Amino acid sequence: MIFSRRVDSPSVPMNSSRPLRFKQPSRLPSFGETGIENEQVLTLVFESISWDIHTICAVASVSRRFCAIARRVLWRSLCVHRAPGMAAALSGSDPSGRIDGGWQALAKLMFFCGGGESTRSPGHFASESRFSKTSGRFFLPKNCRGDLLYVSDPCEHEAVGGGGDEHLGVFRGVFREFMRSKTRQCLARRQAELEEKVRCPYCGGRVWSMKAARLVPKSAARRLGSRDGGLEFYVCVNGHLHGTCWLIPLSSDEEERDFDGEEDDDSDEFLRR
């Protein structure tokens, strides 16, 4: 599969191993739920600017009250507005609308590329991303393909010391109800151990290396256009996925081999920052 290059936005000073935030909110006096501190007013304001994630980050940093409103209302509304199908699929079975890891972590996963130590670019807001559950099936072992997993197209980065010829793809994804998934059951049966030094860049949770657990299907590398052995990804206890792959150049006339003859369905989510 041929992936177009993404134009990386300027680096944002964000610790990629922690939930999405810029700084500790200051203590400001509360004047009750009036004016801009009213949740309904804030919702209308953000609806008028199409739920711009940079503005939500800034507002959540103003005070503890705004931070609480963002956690309770704004992050979920952002996800629902910008990726309604994906948000509904991930939270559909919970009448309270909760998801594993929280909406703040999902919002960061939707828009933030974690970069990597082997790339010239640190973590940054991606200018655009496409998440696909059809792509997600390529990352599941055959006996786990009943799980629902959304995976993004890789964000292409120039590798450090690569001389412009080596490129690393950085991708991310999310499971629905990971703790109940067949993938989680498979990890348990194999007694896979959690990594000591790696943490989820979206929720800070501990992770399993799918490569160490021997649960990386060959179809995943084919889907990403990666060379054999050049793919690694991790899944955290909350079902967030992040990984990297060494990309190989593809000629324009090469066609992707479809997964069981299936095409991408119309439930994909295309997000612009």
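Biologist: Which residues does C245 touch, not counting residues up to four places away in sequence?

Modeller: This is a predicted model. In it, C245 touches H167, L168, G169, F171, L224, S226, G230 and L231, when residues up to four places away in sequence are not counted. C245 itself is found in strand 10, residues 240-247.

Biologist: Is C245 buried or exposed?

Modeller: A residue counts as buried when its relative accessible area is under 20%. C245 has a relative accessible area of 0%, and therefore it is buried.

Biologist: What share of the chain's residues count as buried?

Modeller: Of the 273 residues of the chain, 48% count as buried. The chain has eight helices and eleven strands. Among contacts between residues at least 6 apart in sequence, 69% join residues at least 24 apart.

Biologist: Where is I69 found, and how far are its C-alpha atom and that of N38 separated?

Modeller: I69 is found in helix 3, which comprises residues 64-82. The C-alpha atoms of I69 and N38 are separated by 9.0 Å, and the two residues are 31 apart along the chain. I69 is buried, with a relative accessible area of 1%.

Biologist: How should I read the pattern of buried residues along a helix?

Modeller: The general idea comes from the geometry of the turn. An α-helix has 3.6 residues a turn, so residues three or four places apart point the same way. Let us apply this to helix 2, residues 53-60, where the buried residues are I53, I56, C57, V59 and A60. Seen down the axis of helix 2, these buried residues fall within an arc of 165°, so they line one face of the helix.

Biologist: Which elements do the buried residues of helix 2 pack against?

Modeller: They pack against helix 1 (39-48), helix 3, helix 5 and strand 3 (124-126).

Biologist: Which residues of helix 7 are buried?

Modeller: In helix 7, residues 182-189, the buried residues are T183, R184, C186 and L187. They cover an arc of only 160° around the axis, which puts them on the same side of helix 7. The buried residues of helix 7 pack against strand 7 (167-175) and strand 8 (207-209).

Biologist: How do I describe the packing of two helices, for instance helix 2 and helix 3?

Modeller: One begins with the angle and the distance between the axes. Helix 2 and helix 3 pack at an angle of about 160°, with their axes 9 Å apart. That makes helix 2 roughly antiparallel to helix 3, as angles over 145 degrees count as roughly antiparallel. Helix 2 passes helix 3 in a left-handed crossing.

Biologist: Which residues of helix 2 and helix 3 meet?

Modeller: I53, I56, C57, V59 and A60 in helix 2 meet F66, C67, A70, L74, W75 and L78 in helix 3. By class, this contact has eleven nonpolar, no polar and no charged residues.

Biologist: At what angle do helix 4 and helix 5 pack?

Modeller: Helix 4 (residues 84-91) and helix 5 (residues 103-111) pack at an angle of about 140°, with their axes 13 Å apart. Helix 4 and helix 5 are therefore oblique to each other. Helix 4 passes helix 5 in a right-handed crossing. In the contact, M86, A87, L90 and S91 of helix 4 meet W103, L106 and M110 of helix 5. By class, the contact of helix 4 with helix 5 has six nonpolar, one polar and no charged residues.

Biologist: Where is R214 placed, and what is its phi?

Modeller: R214 lies in the loop between strand 8 and helix 8 (218-224). Its phi is near 55°, a positive value in a residue other than glycine.

Biologist: Are these two residues, Q191 and R214, buried or exposed?

Modeller: Q191 is exposed, with a relative accessible area of 68%. R214 also counts as exposed, at 67% relative accessibility.

Definitions and conventions
Residues are numbered from 1 along each chain as its sequence is written. This is a predicted model: local features need pLDDT of at least 70, side-chain atom pairs count only at pLDDT 80 or more; totals for chains, interfaces and linings use all residues. Side-chain values use heavy atoms; hydrogens and water are left out. Buried means under 20% relative accessible area, exposed over 50%, partly exposed in between (1.4 Å probe, protein chains only). Helices (H or I, at least four residues) and strands (E, at least two) are DSSP runs, numbered from the N terminus. The arc is that of the directions from the helix axis to the C-beta atoms. Contact means heavy atoms within 4.5 Å. Axes are lines fitted to C-alpha atoms, for helices over the stretch in contact, and angles run from 0 to 180 degrees between N-to-C directions. Angles under 35 degrees count as roughly parallel, over 145 as roughly antiparallel, 65 to 115 as roughly perpendicular and the rest as oblique. A crossing is left-handed if the near helix is turned anticlockwise from the far one by less than a right angle, and right-handed if clockwise. Ala, Val, Leu, Ile, Met, Phe, Trp, Tyr, Cys and Pro count as nonpolar, Asp, Glu, Lys and Arg as charged, and the others, Gly among them, as polar.
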